[in-house]
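Me: I'd like to go through a model with you, feature by feature. Could you give me the general idea each time, then the case at hand?

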Amino acid sequence: MNPILTIVTKRLLIGLLTLWIVTVIIFAAVELLPGDIATEMLGQAANEETVAAFRERFNLNGTVFERYVSWLAGAATGDFGVSLANQRPISEFVGQRTANTFFLAAYAAAISVPIAVVAGMMGALYNGSVFDRMLSSSTLAAISFPEFFIAYILILVFSVSLGWFPSLANVDADAGLGERLYKTFLPAMTLTLIVLAYMMRMTRAAILNLLALPYIEMAHLKGIKRWRVIAVHALPNALAPIINVIALNLAYLIVGVVLVEVVFVYPGLGQVLVDAVSNRDVTVVQAACLIFAATYILLNLLADILSIIANPRLLHPR
């Protein structure tokens with residue numbers, strides 16, 4: 001059997017096992033919440049008949065194991081049950097919100113990844129120069145601030161002072177691509193500033209680690225220009241760690257958008273999660289957490305697989 005296919009199969013199985021463990025943790029965490037769900041949703045004034053009907057309606061009378069199996073079977077087929085707050089099937093409104101979150105993450109990635117790779121190469125090319133120090137200092141400053149602080153600064157500058165972009169990213173379901181890109185520019189820039197430094201510094205470090213190797217020195221002795229040595233000889237061999245950090249930051253872009261979506265009132269999965277917590281809608285909280293967890297595990301798995309494909313020597317670590 002092909003060794004790459006073997007390792008991919010093993011990683012897939014590990015990913016499925018991890019996801020199953022996550023489902024157990026999510027369900028158990030909800031079960032351990034104090035109080036009764038039916039009483040919390042209906043209020044203390046609800047009579048016994050109303051509480052009993054509510055528990056029957058949402059399948060709360062079964063044992064913990066029965067309810068977990070039922071929830072897991074439904075989640076595996078995309079059926080997350082019914083919202084306790086509005087009595088609607090969760091998949092009806094979570095699907096569009098998840099797509100919005102993925103769009104915002106992809107938008108930020110399309111901006112941050114090319115900039116990070118080019119900036120990392122430039123930092124390695126001019127290592128130790130004033131440009132390199134300024135680049136490192138500015139990126140370190142960007143990651144030193146929390147997401148909501150950067151978001152409010154961008155709103156103050158580009159929305160309040162300059163009036164270039166809207167402060168609220170209230171995107172409708174039927175909005176066109178141009179309108180979406182315009183209204184979500186500030187949220188995308190917030191996420192870009194957060195993840196750009198990590199990807200840029202990893203790219204720079206990965207390339208610098210290779211510049212002292214003999215084949216790089218031979219390329220220099222042949223008279224090849226330094227930028228060509230970095231772009232043609234060093235960068236392809238540094239792809240494994242770069243791909244890894246890019247994939248991990250893409251995972252962060254998706255699961256770390258909660259604060260950004262709340263600040264810009266963006267109709268994404270993070271906003272749904274915050275609203276569900278406020279309304280004590282535990283079924284929606286379970287669904288949102290499971291989607292975030294599955295996405296994070298999938299992107300971590302993708303990072304491992306792409307790193308191995310980019311550098312087959314990782315199949316035989318020493």
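Reply: What follows is a talk through confidence, fold, surface, aromatic rings and a few single residues.

Me: What should I know before I start reading?

Reply: This is a predicted model, so local features need pLDDT of at least 70 and side-chain atom pairs count only at pLDDT 80 or more, while totals for chains, interfaces and linings use all residues. Residues are numbered from 1 along each chain as its sequence is written, and side-chain values use heavy atoms, with hydrogens and water left out.

Me: What is the average pLDDT of the chain, and which elements have the lowest and highest means?

Reply: pLDDT is the predictor's confidence in each residue, from 0 to 100. The chain averages 77, and 85% of the residues score at least 70.

Me: How many helices and strands does the chain have?

Reply: Both are DSSP runs, numbered from the N terminus: helices are H or I with at least four residues, strands are E with at least two. Here you get 15 helices and zero strands. As for contacts (heavy atoms within 4.5 Å), take those with a separation of 6 or more: residues 24 or more positions apart account for 73% of them.

Me: What share of the chain is buried?

Reply: Buried means under 20% relative accessible area, exposed over 50%, and partly exposed in between, with a 1.4 Å probe and protein chains only. Buried residues make up 41% of the 318 in this chain. One of the residues to look at is Gln286 in helix α15 (residues 282–310), which counts as buried at 6% relative accessibility. Leaving aside neighbours within four places in sequence, Gln286 is in contact with Ile26, Phe27, Val30 and Trp71.

Me: Which residues make the nonpolar surface patch?

Reply: Patches are made of residues with over 30% relative accessible area and no salt bridge; like charges are joined within 9 Å, and nonpolar side chains (Val, Leu, Ile, Met, Phe, Trp, Tyr) within 5 Å. A salt bridge is a side-chain nitrogen of Lys or Arg within 4 Å of a carboxyl oxygen of Asp or Glu. Areas come from the Shrake-Rupley method with a 1.4 Å probe; for residues, only the protein chains shown count as cover. The patch here is about 1,000 Å², and its members include Phe145, Phe148, Trp164 and Leu259. Helix α7 (residues 147–161) gives the most, with seven residues. Leu259 is found in helix α13 (residues 258–264) and is partly exposed at 41%.

Me: How many aromatic pairs are there, and how do I read one?

Reply: A pair of aromatic rings is described by the distance of the centres and the angle of the planes. Rings of Phe, Tyr and Trp (its six-membered ring) pair if their centres lie within 6.5 Å; planes under 30 degrees apart are stacked, over 60 edge-to-face, and the rest tilted. The count comes to four pairs. Phe103 and Tyr107 have ring centres 6.2 Å apart and planes at 45°, so this pair is tilted. They sit four residues apart in helix α5 (residues 90–125), so about one helical turn separates them. Phe103 is partly exposed at 21%, whereas Tyr107 is buried at 14%. Phe158 and Trp164 also form a tilted pair, 6.0 Å centre to centre with 45° between the planes. Phe165, Tyr182 and Phe185 form one aromatic cluster.

Me: Where is Val265, and what is its phi?

Reply: Val265 is in the loop between α13 and α14, with a phi near 50°, a positive value in a residue other than glycine. Just after α14, Arg280 takes a positive phi of about 60°.
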